[in-house]
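Here's a quick tour of some charged and aromatic spots. Have the viewer open while you read.

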Number of protein chains: 2
Amino acid sequence: MAIKYAKRMEKMGASEIRELLKLTARPEIISFAGGLPAPELFPVEAMKEVSKKVLEEGGQKALQYSTTEGFLPLREKIVERMKKFDINAQPDDILMLSGSQQGLDFAGRIFLNPGDVVVCESPSYLGAINAFKAYECNFVEVDTDDHGMVMEDLERKLAETPEAKMIYVIPDFQNPTGKTWSVQRRKELVEIANKYDLPIVEDNPYGELRFEGEIPPSVKAFDTEDRVIFLGTFSKTFAPGMRLGWVYAPHEILERFIFVKQAADLQTSTISQMEINKFMEMYDFDAHVEKIKEVYGKRRDLMINTMKENFPEEITFTYPEGGLFTWVQLPEALNAKEMMVKALEKQVAYVPGGSFFPNGGRENAFRLNYSNMPDEKIVEGIKRLAEVIKEELGK
Amino acid sequence: MAIKYAKRMEKMGASEIRELLKLTARPEIISFAGGLPAPELFPVEAMKEVSKKVLEEGGQKALQYSTTEGFLPLREKIVERMKKFDINAQPDDILMLSGSQQGLDFAGRIFLNPGDVVVCESPSYLGAINAFKAYECNFVEVDTDDHGMVMEDLERKLAETPEAKMIYVIPDFQNPTGKTWSVQRRKELVEIANKYDLPIVEDNPYGELRFEGEIPPSVKAFDTEDRVIFLGTFSKTFAPGMRLGWVYAPHEILERFIFVKQAADLQTSTISQMEINKFMEMYDFDAHVEKIKEVYGKRRDLMINTMKENFPEEITFTYPEGGLFTWVQLPEALNAKEMMVKALEKQVAYVPGGSFFPNGGRENAFRLNYSNMPDEKIVEGIKRLAEVIKEELGK
């Protein structure tokens with residue numbers, strides 16, 4: 001058969017990076033590559049209780065089809081939790097998703113025609129880039145500094161990009177850089193989006209995992225014209241294997257998300273929604289999140305300190321106030337993708353930075369994850385990486 | 001904000017029928033409208049054991065991210081179960097999905113450009129029509145008789161439709177008609193698809209629920225040129241609330257499904273996959289399916305017999321050998337959508353047939369579901385429906 005695929009499939013192929021990352025799954029590798037939570041913090045014992053309770057109290061309901069919108073008691077609890085981000089939602093403004101990745105796919109489907117432009121941070125989340133690519137869009141990358149997107153660069157690029165259709169940002173502990181936007185920039189982003197009349201997709205998978213300081217108001221909190229779509233998830237605060245996220249959007253936009261959800265997979269798992277809801281009723285979710293923050297905060301410190309002690313001084317890296325990642329900047333002459341071969345020989349892995357730039361061409365950086373590896377492996381892995389870098393620099 | 005949606009959203013709106021169906025959810029209504037399994041047959045007690053066991057044996061793994069392809073032991077068991085349909089697959093040829101509805105969405109994404117034509121049975125599954133519509137396709141409906149698609153009509157329409165891109169069929173206990181294709185037609189379908197070089201999507205959610213006779217070989221069983229994509233699900237044999245289905249496709253096509261799955265929602269729930277796998281290890285899945293068949297078979301008999309006794313003789317209906325639905329044909333002069341208002345007054349509901357014809361214009365039929373209502377409600381509901389029809393006919 002000479003298979004004729006849709007045109008959009010030309011943009012979706014086996015990526016080099018995906019093949020490379022498969023190698024990092026070998027157990028002998030100290031991998032800082034994935035974005036995996038620490039499995040030892042999953043509430044396994046509590047889940048046993050929760051699951052039993054859900055099946056005892058309403059097993060038939062838990063196993064049956066349910067509404068596309070999602071389990072109402074859970075959406076009510078999400079409304080409460082989103083107050084942390086200065087968001088005042090109603091349960092009806094929320095649609096449950098199979099992870100927040102699905103919200104990225106749906107945003108692409110709702111807004112993007114072929115040739116439309118997604119304006120994003122440079123660098124940005126690889127999974128979002130892949131999700132949007134399925135809709136045959138192009139990307140304009142906006143410069144970032146330690147306070148978020150550089151607003152002058154955003155304005156300049158919007159002025160010269162009439163095809164701009166959507167702005168995508170990760171303001172809290174950004175993936176891949178670990179950086180957090182200042183409050184001022186959040187406000188300005190909404191003002192500029194108002195001026196250019198564009199929707200904003202605010203992706204917030206890590207916001208609750210803040211190790212120090214106060215949670216700033218979300219971009220959504222400054223939304224004056226119903227243009228911000230907020231994506232949340234239980235993957236980092238509870239468990240990614242359950243695939244539970246949500247979208248909070250202005251009514252008219254949320255209606256589109258609901259139609260798209262219904263056509264795409266009817267609804268999110270009934271039983272998973274009821275289980276997380278029950279967990280929140282039976283246990284202290286905030287205390288659970290505190291435990292995660294404590295462990296990740298220590299691992300961040302350990303990774304940063306070990307890099308400070310062992311990396312040559314021309315190597316810089318970000319100091320994330322929360323989340324899962326730090327971003328390492330190499331001198332111009334080094335190529336993180338090529339260096340990965342040598343890192344793998346020393347059985348340590350990261351994600352080369354190039355993949356996070358949708359338009360490519362920036363190979364002298366890489367992303368490190370500190371949530372998934374125990375202390376001694378963090379120290380050992382960073383020491384090995386330091387050796388690799390020194391060899392590359394001819395030191 | 002003057003929201004600019006993607007062009008594809010013009011085809012996705014609140015359907016009249018969806019609004020109507022919301023009314024059928026009221027508890028006082030005897031509803032034959034949904035496609036819901038009987039909740040009293042869900043293995044709730046077994047699920048308690050299964051869930052406990054999965055968390056005890058590998059709780060951290062069950063709650064963590066896992067591969068896009070899906071849990072290997074479960075895919076191995078699916079390979080075994082598909083032998084019922086004369087399918088000899090390898091676990092690597094299978095991708096786990098969040099319900100088989102997701103397979104329809106992905107097939108559309110992989111094959112359909114705007115303006116492409118999906119060739120389907122007339123009538124066909126509403127959810128598939130909605131999933132494909134998101135890719136801005138058109139539909140050509142092929143006549144069906146009691147043996148499946150009429151092959152002469154298929155050939156004629158393919159000859160005059162160069163835009164044809166994909167053939168979509170539900171050969172076993174079709175939704176909405178309950179009809180099953182003959183073996184001869186399955187073979188011929190593949191021959192014609194070979195001639196026109198088109199992929200076939202074979203949707204098989206009900207095939208295992210056969211009340212009498214032998215399971216015929218699937219269309220996939222006759223696939224000589226790697227063009228048949230087979231969709232399966234646990235929604236009807238286990239529980240729809242868990243959202244677990246799969247696609248079995250030729251290697252090159254499956255690879256596309258995997259890319260699309262990764263961009264769309266990363267992976268299907270790890271814990272749900274491990275739970276169904278554990279259920280199949282701890283319990284007799286075939287015996288569980290036998291129980292479902294026994295109950296549904298009796299309900300089918302009861303519904304058919306009550307229609308025979310109470311419906312005016314000019315009303316015809318199909319005799320499904322399995323599955324969940326029967327299809328009632330009204331005289332030309334009657335309109336099932338208009339009649340629904342009167343049915344709801346008598347607190348009984350069905351799905352008007354018009355929605356199952358993607359090109360519209362066929363309103364004198366409706367679909368009845370017999371799996372979800374207990375015996376006494378089936379009898380009472382059909383009697384009420386008979387009254388409604390008689391009133392419409394002026395009898």
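Let's start with charge: A:Lys52, A:Lys53, B:Lys52 and B:Lys53 make up a positive surface patch. Patch members need over 30% relative accessible area and no salt bridge, with like charges joined within 9 Å and nonpolar side chains (Val, Leu, Ile, Met, Phe, Trp, Tyr) within 5 Å. A salt bridge here is a side-chain nitrogen of Lys or Arg within 4 Å of a carboxyl oxygen of Asp or Glu. Lys and Arg are the positive residues, Asp and Glu the negative ones, and His and the chain ends don't count; a charge sits at NZ of Lys, CZ of Arg, CG of Asp or CD of Glu.

This is a predicted model, where local features need pLDDT of at least 70 and side-chain atom pairs pLDDT 80 or more, while totals for chains, interfaces and linings use all residues. Residues are numbered from 1 along each chain as written, chains are lettered from A and ligands numbered from 1 in written order, and side-chain values use heavy atoms, without hydrogens and water.

Back to the patch: α2 (44-63) of chain A and α2 (44-63) of chain B each supply at least two of its residues. Helices (H or I, at least four residues) and strands (E, at least two) are DSSP runs numbered from the N terminus. B:Lys52, in helix α2 of chain B, is partly exposed because its relative accessibility is 40%; the cut-offs are under 20% for buried, over 50% for exposed and partly exposed in between (1.4 Å probe, protein chains only).

Now the rings. Two of the pairs:

| Pair | Type | Centre to centre | Angle between planes |
|---|---|---|---|
| A:Tyr5 and B:Phe111 | stacked | 5.8 Å | 20 degrees |
| A:Phe211 and A:Tyr370 | edge-to-face | 6.4 Å | 65 degrees |

A:Phe211 lies in the loop between β8 (200-203) and β9 (228-233) of chain A and A:Tyr370 in the loop between β15 (365-369) and α12 (375-392) of chain A, so their pair ties together parts 159 residues apart in sequence. A:Phe211 is buried at 17% relative accessible area, and A:Tyr370 is buried at 0%.

Note on methods
Accessible areas come from the Shrake-Rupley method with a 1.4 Å probe; for residues, only the protein chains shown count as cover. Rings of Phe, Tyr and Trp (its six-membered ring) pair if their centres lie within 6.5 Å; planes under 30 degrees apart count as stacked, over 60 as edge-to-face and the rest as tilted.
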